[in-house]
Amino acid sequence: MPHTTSFTLPAVRTEISSLWKLAWPILIGQLATVGMGAADVAMTGHTNPEELAAVSLGAAIWSIVLVTVSGIMMAINTLVAHEIGAARHDRVPHIVRQSLWKALLVGLVACLLTNMAALVFDHLMLEPHVAAKAKLFVHIISCALPPFAAYRALYGYSTSINQTKPVMVIALAALGLNILVNYLLIYGHWGMPKMGGVGCAVATTCCVWMMLLAMLAWIKIAPAYRATYPFTHWEGPQLSSIGPMLRLGLPIGVTYFAEVSAFGVISLLVARFGVIQVSAHQIALNFSSVVFMVPLTFGIALVTRVGHAVGEANLRRARFISWVGVAMSLTAAIVSATVITVFRHQIAQAYTSDPQVQALCAQLLLFAALFQLSDATQVATSCAIRGYKVTRQPMLIQLLAFWGFSLPIGYVLGLAPAGFPWSPAEPMGAAGFWIGLVTGLTVAAVLLTWYLNRLSQQRLRAAH
């Protein structure tokens, strides 16, 4: 048995080093991408409340579609990783070319659905000019979806052949460009038109196109892509290849949609409790989403590492890598949970100067600290399972967790609806919804851990 498959300290340290080497550029890239959204909100916030409201509403739709598209395109990570692990490098270019055709299809459909979703602003009882601004924001930023889908295809290809530094460099460059174009278009500097919040949509669209072109250029120039270079000749779309990619990727997209839409619904339900509860909820959620980038990054790296091992038909090593990755994510979660618990008041103060919002936010951050453990576990285990080219079961488990537990429990505890025998005497507000989130994420973590153990054991037995 190779030493890298034994749970000994040297073997675990070696795997941690390998996973971290793959993951750290992805982490910086993910944080830079989150930073683009933060820059949009922060820079628009210095105009007026109407502009900020329009950007927030438009970004809510954009983020849901963006995350869903990312999930659908994630199939290429597993497919390329399997071929690299099996030393079938000649098959990779075909996968990449067909993934780009898939990206065109997914991007155009997402663009259409996003523009249709913008019609919801006509029914939210918004100020007419705010609704108009939000719709214009969505119409402009939807043009970034086809290039974004293509970029995610190349992103998955690059990370699956262990080339993660381009992702980091391009994301950092995009963050810088986003801030610059925001500065020019939001405020109308250097002779540019003063577009307010709509300028953020133009900036984001420019940045996504830049990211795609930069990735194409990097792949063409860098020697690391020579063995699998996908652009040697023209190849039309082939349904026999795109179909299986969609069957693999759609469950991941549905999973991502279920999670982000559940958080979105909770935010809407909390809105009825007033500005203080909404503000505290959004601050705690925003900080949690930033911290979540660490286990998410380990998960993305796990898809590649497990996929390589499965492609090599080394199922013992795949199981070993899976559990080391889960342990790394859980360790990071323990650190983040400790930091949030100890510094929750300082975190709240960094976001707001309102004493009431600070106090409630500090309370909600305790729930955020608690669900770090289950959130990190569920994302790591689901990504490890995807490394085995299995996506439907994680989808079903996470749909059950978010829509079967988080939302119903949050609804009952948060709103205390009349007629429910198990409702609290008084609505718990945001705290009730966060209890629902903790419960749902714990269910997901337990079930996904069980399924990963079962799947890895079954594959190992089948190989002998």
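Which residues is Arg-319 in contact with, leaving aside its neighbours within four places in sequence? Select Arg-319 and display what surrounds its side chain: the contacts (heavy atoms within 4.5 Å) are Tyr-388, Asn-453, Ser-456, Gln-457 and Leu-460.

This is a predicted model, in which local features need pLDDT of at least 70 and side-chain atom pairs count only at pLDDT 80 or more, while totals for chains, interfaces and linings use all residues. Residues are numbered from 1 along each chain as its sequence is written, and side-chain values use heavy atoms, with hydrogens and water left out.

**Stop 1: Arg-319**

Stay on Arg-319 and colour by secondary structure. Arg-319 is part of helix 12, residues 315–342; helices here are DSSP runs of H or I with at least four residues, strands are E runs of at least two, and both are numbered from the N terminus. The relative accessible area of Arg-319 is 18%, so the residue counts as buried. Buried means under 20% relative accessible area, exposed over 50%, and partly exposed in between, with a 1.4 Å probe and protein chains only.

**Stop 2**

Next select Glu-83, in helix 3 (residues 75–85). Beyond its neighbours within four places in sequence, Glu-83 contacts Arg-88, His-89, Arg-91, Val-92 and Ile-95. One of these, Arg-88, also forms a salt bridge with Glu-83, at 2.6 Å from N to O. A salt bridge is a side-chain nitrogen of Lys or Arg within 4 Å of a carboxyl oxygen of Asp or Glu. Glu-83 is buried because its relative accessibility is 11%, whereas Arg-88, at 32%, is partly exposed.

Move to Ala-87, in the loop between helix 3 and helix 4. Ala-87 is not a glycine, yet its phi is positive, about 60°. With a relative accessible area of 55%, Ala-87 is exposed.

**Stop 3**

How many salt bridges does the structure hold? There are five. For another of them, select Glu-235 and Arg-97, whose side chains meet at 3.1 Å, N to O. This pair joins distant parts of the chain, 138 residues apart: Glu-235 is in the loop between helix 8 (198–221) and helix 9 (239–270), and Arg-97 is in helix 4. Both Glu-235 and Arg-97 are buried.

Then select Lys-102, also placed in helix 4 (residues 92–117). Is Lys-102 buried or exposed? Lys-102 is buried and has no salt bridge; Glu-235, the nearest side chain of opposite charge, is 14 Å away. In this count Lys and Arg are positive, Asp and Glu are negative, and His and the chain ends are left out. Show the contacts of Lys-102 outside four places in sequence: Ile-72, Met-73, Ala-75, Ile-242, Met-245, Leu-246 and Gly-249.

Continue to Asp-122 and Lys-135, a salt bridge with its closest N and O atoms 3.2 Å apart. Asp-122 sits in the loop between helix 4 and helix 5 (128–141), and Lys-135 in helix 5, 13 residues apart. Asp-122 is partly exposed, with 45% relative accessible area.

**Stop 4: the nonpolar cores**

Select Val-69, Val-80, Tyr-151 and Tyr-157. In the largest nonpolar core, which has 75 residues, these four touch the most other members. A nonpolar core is a set of buried Ala, Val, Leu, Ile, Met, Phe, Trp, Tyr and Cys residues joined through side-chain atoms within 4.5 Å.

Return to Val-80 and show what it touches: Val-92, Ile-95, Tyr-157, Ser-160 and Ile-161, not counting residues up to four places away in sequence.

**Stop 5: Asn-162**

Select Asn-162, in the loop between helix 6 (145–160) and helix 7 (165–187). Asn-162 has a positive phi of about 70° without being a glycine. Asn-162 is partly exposed, at 42% relative accessibility.

**Stop 6: the cysteines**

How many disulfides are there? The count is zero, a disulfide being a pair of cysteine sulfur atoms within 2.5 Å. Select Cys-206 and Cys-207: the sulfur in Cys-207 is the closest cysteine sulfur to that of Cys-206, but at 6.9 Å it is too far for a bond. Cys-206 is partly exposed at 38% relative accessibility. Finish at Cys-361, which is buried, with a relative accessible area of 0%.
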